[in-house]
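Subject: Structure for you to look at

Hello,

Here is the structure we talked about. Please open it first and then read the notes below it.

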Amino acid sequence: MLLVCSLVMPLAGVAHAQFGEPAFGSPPAEKTGSELVSMSLVLDRPVRSGASTEVAVVFDIEPDWYVYWLNPGETGLPPDVRWELPAGVSVSGPRWPAPDRKVLAGGIVDYVHVGRLVLFYELHADDDATIPTDASIKASADWLVCKDVCLLGNGDASVSASVDDPADSSAASGLSGRFASASGRIPLRGSEAVRSSWDGRTLVLRAAGADVLTWMPGPTEDAVPTRILDQGRAEGDTIRIEYEVGGDAEDVWGVLAVESEGRTHWYELHPGLPGER
Amino acid sequence: MASRRKGMLAGLAAGVAAIAAMTLVGTGANADHHGMKKAEVGKKAPDFTLVDHEGNSHTLSEYTEKGHVVVLEWFNAKCPFVVRHYATYPTMKELNEKYSGKKVTWLAINSAHEGHMTHGIDAEYAASWGIEYPILNDETGKVGKMYEAKTTPHMYIIDTDGILRYNGAIDDDPRDRKERSAKVNYVDQALGQILAGETVTQAETKAYGCSVKYAK
C-alpha cells in the first residue's frame, strides 16, 4: 500500500508540473512598470575628442499609459535618467518636448507624455579624451507609468560610442530629423508670438490669433499658480494665471501651448517675477 | 394698466427669486469646490464622519475634543508610494506606534470611487500589512476634496484645537534615494513640535505619490 502511494504521488506531481494551470480561462500576466516602457538610446554621431554629439533617450510607452513631464503637476514623478560615460565625456540637457495637460477626476492637474517620450541630450568629449573603440554610452532610468493605477519601473540602454549608423538617412538633420514629432514639441524660446506681463501677481500671456491657450508651469517650489485647474486653460488669445510667490522664488517659467486653426505650437517663457523692474 | 404691469413685474421678480433660490440649492453638491470650507494650514480643519474598513464610524472632532492630535493619511494599497511606506519601510505603522501613548490618533482614508480597483480592498491590506488603525471609506471623495488631497500618501495633522497644522508629503524623498535614517520625515517632525507646543517649522510641503482616485 505504502509502496503504491509513494509511486502514485510523485507521478501526480509530475503530471501537475507538466500541465500546470489551464491554458485557457486565466488572464494574461499583467505587465510590470518596467515592461510598460521600453527604453533605447540613439547617438547622432560617434563620440570624438573635442567634439559634441546629440544623444536621444527614447521611452516607448504602452498605449493608454503615460509618464510624467519634468513638472509632473500635482501628482506623479518624472523619469529620471542617469549616465555612465567614458572618461572625459560629459552630458548636458535634456531638452524636453512639451507635455499634454491631463485633468484627472477630482480636478487634479498633471502634465504627461503618451506614446513616445524623447529626451534630447548633448554629449561633450574633452579635447584630450581618449575614446576606446569599444567604449559605450549607457543610460539607466526610473519612472512612474500610470493608467488607472501607477507602477514604478526602471530600465537601461547602451549604445556604442563609436559606431556610426550608415543606414541613417537623416544624418544631415541629426536627431531632430529622426525624431521629428518629438523635436517638433520642443518649446520655442524667445519667440515674439507670445507677450507676457504681470498684473499684480497675475501672469498675463497673449498670443494673437489663438483659439486655446494652455499654461504648463515649470517646477518651481516658491512660485506656484494658485488656481491652475480653472486658469491653466483659456479660450481665446489671452490667459491669466494667478501666482503665489514666496521670498525664495528665483523665477517663474513654463510652457505655453497655443492652439490656432487646428495646429498647436509650444513656447517656453521666462516672464520673471511679479513686481520686477 | 399701471397696476397690471406692477403685478406682472412682481410676478417676474418672484419668479427670478425662485429660480435664484433653486440655483443656490441646486449647486449645493458643487459647493464643495466653490463654497464649502477648504482645509488651510493655520485654520480650523473641516470636520467629517466616515466609516472604516470594519464598519465603525469615526468623526474628526470626537478625537480632537478629547485632546487627541489627529494624523490623516490618504491611502491606496496599490500605489507604489504607499506600498513603499508599508512593505519596504514600516514608516506609517512605526510612526503610529511611536506616538500611540501620546494621545495621537492615526486615521487612514481611501477616497477611491466605487468603480475603481483600489476600492473595497482596505480590509484585505489591513490584515496582510498588520494595520491597526482605521482605514476610512471616502468613496464619494467628499472629504478628500474638502482637504484637497491630491496624492497617496498625502498627510495632514490636526491639533487638539481642531486647527490644521501640517499638509503635505510624508518625507523629503520621493524617489527613495536616501537611507532611511537620512530621510526627513515631515510628519514625525511636525508631531514632535506640536506635542512640545512649538511651531511646526515645515508645515506645508508638496505631497508626492499616485493621484487620489476620485469619481468623475
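A residue is called buried when its relative accessible area is under 20%, exposed when that is over 50%, and partly exposed in between (1.4 Å probe, protein chains only). By that rule, 47% of the 216 residues of chain B are buried.

The model is predicted, so local features need pLDDT of at least 70 and side-chain atom pairs count only at pLDDT 80 or more, while totals for chains, interfaces and linings use all residues. Residues are numbered from 1 along each chain as its sequence is written, chains are lettered from A in the order in which they are written, and side-chain values use heavy atoms, with hydrogens and water left out.

Chain B has 8 helices and 9 strands; these are DSSP runs, with helices being H or I of at least four residues and strands E of at least two. The accessible surface of chain B is about 10,600 Å², and carbon and sulfur atoms hold 54% of that (Shrake-Rupley method, 1.4 Å probe).

Next, the interface. A contact means heavy atoms within 4.5 Å, and 24 residues from chain B and 22 residues from chain A take part. The two chains bury about 1,800 Å² between them, 57% of it on carbon and sulfur atoms; buried area is the accessible area (1.4 Å probe) lost on putting two parts together, summed over both. In chain B, Lys150(B), Arg175(B) and Arg177(B) lose the most area to chain A, together 32% of what that side buries.

Regards
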